[in-house]
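Subject: Structure handover

Hi,

Here is the structure for your files. My notes on its interfaces follow below.

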Amino acid sequence: MAEVEGISGQEGNFQVKVRQKPRVVDMDKCIACNLCAEKCPKKVPDEFNEGLDKRKSAYIKYGQTVPLKYAIEKETCIYFVKGGNKGVKGKGKCRACEKVCPTGAIDFDQNFQDEIKEINVGSVILTPGFKPFDPSAFDVYAYSKFNDVVTSMEYERLLSSNGPCMGHLTRPSDGKEPKKIAWLQCVGSRNINKCDNGYCSSVCCMYAIKQALVTAEHTTGDVDQAVFYMDIRSHGKEFEKYYEQAQEKGIRFVQSRIHTAYPGAEGGVTVEYFNDQTGERVKEDFDMLVLSVGLETSKGSIDLAGKLGVELDKYNFAQSSSFAPGTTNIPGIYASGSFQNPMDIPQSVTEASSAAASASVALSSQRGSLTQERTFPQEKDVSAEEPRVGVFVCSCGINIAGTIDVKELSEYAKGLPNVVYVENNLFSCSQDTQVLIRDKIKEHNLNRVVVAACTPRTHEPLFRETMKDAGLNEYLFEMANIRNQNSWVHSKEPEKALEKSKDQLRMAVAKASMLEPLEYLSVEVNQSALVVGGGISGMVTALGLANQGYETILLEKTDRLGGNAWNLTSTWRGEQIRPYLEDLISKVENHSAIKVYKNADIKANKGSVGDFVSEIDVAGEIKAIKYGIAVVCTGGHEYKPDEYLYGQDDRVFTHLEFDKEMSEHKPALEKAKGAVFIQCAGSREPERPYCSRVCCTHTMHSAVELKKANPKLPVYVLYRDIRTYGAREDLYREARELGVIFIRFTPDNKPRVSKDGDDLVVVAKDHVLFRDVEIRPDYLVLASAIVPAEHKNLVELYKCGLNTDGFLQEAHAKLRPVDMSVDGMFLAGLCHFPKSIDECIAQANAAVSRASTILSRSVMPLDSIKSYVTENCDGCAICVDTCPYGAISLTDYDRDGSMHKKIETNKALCKGCGICEATCPKHGVYIHGFTNEQLRVQLLAALENV
Amino acid sequence: MADNNEPVIVGFLCNWCAYAGADLAGVSRMQYPTNMRAIRVMCSGMVHPNLVVEALERGADGVLVLG
Amino acid sequence: MTKVTVAEEWLNACAGCEIAILNVGDVLVDLLVNNLEFVHIPVILDKKYFGQTGEEKELSIPEAVVGIVSGGVRNEEHKEVLLEMRKKCQILIALGTCATDGGIPAMINMYTDEELKKFYYKDSPTTDPADYPTEHIPPLLDQCYAVDQLVNVDLYLPGCPPHPDWIAGAVLALLEGKTDYKMPEKSVCDSCPTIRESKKGLADIKRMLASPLYDPDKPLSEMRCLLEQGFLCLGPVTGVGCGGQNGAPRCISARVPCRGCYGPVRKGAKPLVDYMGALASVGFDPNKMPDRRGYLARFAGAHGVLKRPVGGRNG
């Protein structure tokens, strides 16, 4: 609800003028009870559900909103629209929400004016996101004419369980469940005819496949689904497998563009397209047509860029360089996410961390200067005391009390074992109740507290602070979730809800009585880093860390830095790589905070986040090193094909070999008869089922160069799908314009390469002519796969994971694309997945940013919910392998003169998941706060009356 | 749940997904039967099979492990 | 000094436990001189339950301070003897896994009486088919019980057979007036010195027809854990003690996997669930194991652990 009005100043010291629009609702008082929305008489289209249903003027945008606070929309609210706030007599009388709000959070006489705020910052990051393309202008798809033609964004909402049809898919025209659905790709992307979006939006193929796969979960019976596409672009990590899975599940992929949509006989649409297998025009009926709309920059974002003076490219994305992704033309202002380029979630998350790293370099000297720490009284030792439980039952206004008889629940609580004090509060989370809870803890000498209210996921931290304020260990606290998981979901069954709330409270009290104070854990952080691999990713990471002020060790296994970049000439944007590379190497080698070891490898490792200790072999000499975090940038290399006469004829090259050939013998092109590129050499094959992401762009780049050098040279590209995502699509268009000939092949009919005398003969079946075409080129370039470095050693030493293709596994495919599952370890570059230089640099920057979250503090606090070994453990070691974090090890110990075994758990590695607890056949290992006994008493309490 | 023939279901809900989902069902005011009693766990992987067996032994009609 | 009187009985048992008592050896001999007196031990000393000439109507066992019972309870006679023992003895010891957990005979709990009779008297390949006898046979109970399912037990000494160390330990403790003598609540692994490296790769389970890898000239501490070698060693879910106070597990010392003869690690434990859960966690598919219940509850079928299939077999 805020907008940037303008900006002044410069890097390190910007003044940002922000217009804060009124929420009308006081955020400190709002408890998100929804009563204002319930009472609000004004219905308006719900923009979150793409206008497919209605919301009120008093609203939250969606259920997961953070913070979960309501707002009154001034533009539609009856009171404001009728001028009530302007003191117009007899106008604007509604104010219904104000009257019904139980906490007095709504005040129309206050908080209704725009506020202008001045904010002083050192750096600015622009992340305004994208706007889905509006297909109304494409009359042939009849989006504005037929209700059953929807955009993919609308379809997404139709599928959603909190969308307009509650997750049970129905079509808009008549509310019937669709049985046959079509997707049309590239609506508003790869199109310079009806719109100016010449770029590929990068994400639509995958979201269409996802929607098609997920549709089955939201419908009954079989659904016939067809995706009409130009090229399927599943170039991300694990994406190709997902595409294959969709094909196996029977989703039809039709390589054709629907040219017109007609009204269907009974709702739905009839689409007409050209079947390139039969050469016929086909009319086919569908119940729904989903337009896979592209991503574009919104007008608001363009205006924002204008106000800030940030230059945009011809497609209105922030102008950036491959070597400094996320920077703009203005120092100190950065861009990330789809404002830079259309991109998917993992790439956006990576770019966001990258921008954060760039933005914080200039600020690193001021790190921590504005933070304050809270202090708490000395903690009281209650371990020897009998449990004395205090219960606070929250009414939450009428949110709980309106359904559950809280008075009876409070009475019931008094009779529960160990309960010595019970009180009912109107709002247990209010500030004065915190004071009250603290006082009651002291007054009644409580040593355990149970709050029956909302969810611990949002409110436990608040009450834990109160526990600490009262001098109690914060883990002596338990919640009973009688709002989110009771009164709100059983509002029509008050009696059963009361019974359930009693059970919930009894379970919480039973668990509370078993709770024990937990130790606050932390690890001391060695504020230095190890970077493994001295290619571009590794060097950018090392330089980034060093520029943030951290001592960094860079290991390179060969005798020179640079890796694959030595073999590359220019980026897809045409920037020369060699000067950048040489400059980067010199910066790295001359940086006082970077220690480079060449011919180096890791031999042994122990320790964990904050405190790793390794042995490295540097040209035969063993050294011990210590560091707090590690970034793995071990890279990958070009696959050497075993087909298409590779290695048997010196006219057959890989991409990198061909680049080298061109840089050395370019004049030979003058006399050449032709060049052929074969795509997917080693990629998208059974033994390497992934797409290598960069090869299509590389081929386009080379093909364009060839055509520019010798326009008469026949150039052919034999391909399966062209995957020039984002603005790389321009290269593909340019190649076609320059006369490069594209011939599509399928895996069951791959091009055949043979020799006829001295001639190299390539035969491929032309997909338009349906006939074999014979080409006799001088150059046959194989767009060969990228394969990951060998990681066996690393996996053994650090217990990190690989995916089935041998690339290192990130902690979460979407949300943590730079972290590894081992705490304190990060990854960047080709070891993660094939990617272009700009993407490698962004990921390396992101690794710097992620690593800084650990390295910036000398002590890292740890959660206390960790595993611990009980006296029952006798070292059978079954749990050791089940720990996903490698936190468990086996040790010998002496007991009464004889040797026995037991496990030890590493607190820094343990995440408290408890798989060990569930594995152990003898209660030998537990998780603090979730021991088998603690779960069991809840279970017994739940079943007490059965 | 003292009386009647209402089935009793014990649910072990992962804090990070299923429990959050149950909370969101509340925020969205979805209505569902009252029969489940939820036990919050930090990962559905921490639920020992013995707890499931014991729940059934002690009269639960069903056990949900959600994660 | 007055001797402490001891009565000993065997129920659904094989006399192995009584041999274990004798195997206490020198300690026992010393104690018999001054401290202990067996007033009743029909395995060794003849005893007429209904008087020397059968003149009594009621079964009788002499009173004793300590009662030791081996064997589970399978028929009315076992039950009658057990109840009499409980009545006459101040402290009752359940000796051996049959008494503590049902033992081998409790595997019958998976079958109906009809199945038992049919197999035992007719179908068994080593038996000449005959009718089921109706006379001079005590009626069967509905299942094979552990002793504590029918009477209160003060002290548990499991094992098949129990190691003499624990018998001696219990007796000495009692003589010192300590009645809270308890077996350690750890598993066989606690006393097992084998090497443990990784439990992964258990998908390939071996039967005992195969031989584990070991060097017979090297001690047990240089052999890889049998479970890790793919043998379904029940050590992790079996109570420790078969090797005595400090010895290595007996079966594993003979280079064969633990079969579970000491019963569950502690009272109330569910070895069946515990074991399958643990193995499933390391990637083993429980469905691959033939006769899971029989294998895992071979010694601990009482206490409702082994049940007849609901609705009869094959249905």
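Which side chain meets that of Lys267(C) in a salt bridge? The partner is Asp148(C), with N to O at 2.7 Å. Please keep in mind that this is a predicted model.

**Chain C, domain 1 against domain 2**

Chain C splits into domain 1, residues 4-175, and domain 2, residues 185-306. Their C-alpha centres are 27 Å apart. On the domain 1 side, 25 residues make contact, and they meet 23 residues of domain 2. The two domains of chain C bury about 1,800 Å² between them. Carbon and sulfur atoms carry 58% of that area. In domain 1, the residues that lose the most area to domain 2 are Asp101(C), Met110(C) and Trp166(C). Together they make up 31% of what the domain 1 side buries.

Now the polar side. One salt bridge is counted between the two domains of chain C. Polar contacts link 11 residue pairs across this interface, both residues at pLDDT 80 or more. Three elements of chain C give two or more residues each to the domain 1 side: α4 (97-101), β6 (140-145) and α6 (164-175). By class, that side has 14 nonpolar, eight polar and three charged residues.

**Chain B against chain A**

How many residues does each chain bring to this contact? Chain B brings 43 and chain A brings 50. The buried area between chain B and chain A is about 4,000 Å², with 59% of it on carbon and sulfur atoms. Three residues of chain B stand out: Arg29(B), Arg37(B) and Met46(B). They supply 16% of the area that chain B buries against chain A, more than any other three residues.

Four salt bridges are counted between chain B and chain A. Arg37(B) also forms a salt bridge with Asp503(A), where the closest N and O atoms are 2.7 Å apart.

On the chain B side, the elements giving two or more residues are β1 (9-14), α1 (18-27), β2 (36-41) and α2 (49-57). The largest share comes from α1(B), with eight residues. By class, the chain B side divides into 28 nonpolar, eight polar and seven charged residues.

Best wishes

Key. Residues numbered from 1 in each chain as written. Chains lettered and ligands numbered in written order. Predicted model: local features only at pLDDT ≥ 70, side-chain atom pairs only at ≥ 80, totals over all residues. Heavy atoms only, no water. Domains from an automatic or database assignment. Contact = heavy atoms within 4.5 Å. Buried area = accessible area lost by both parts, 1.4 Å probe. Polar contact = N/O pair within 3.5 Å; in protein donor to acceptor, adjacent residues only side chain to side chain. Helix = DSSP H or I, 4+ residues; strand = E, 2+ residues; numbered from the N terminus. Nonpolar A, V, L, I, M, F, W, Y, C, P; charged D, E, K, R; others polar.
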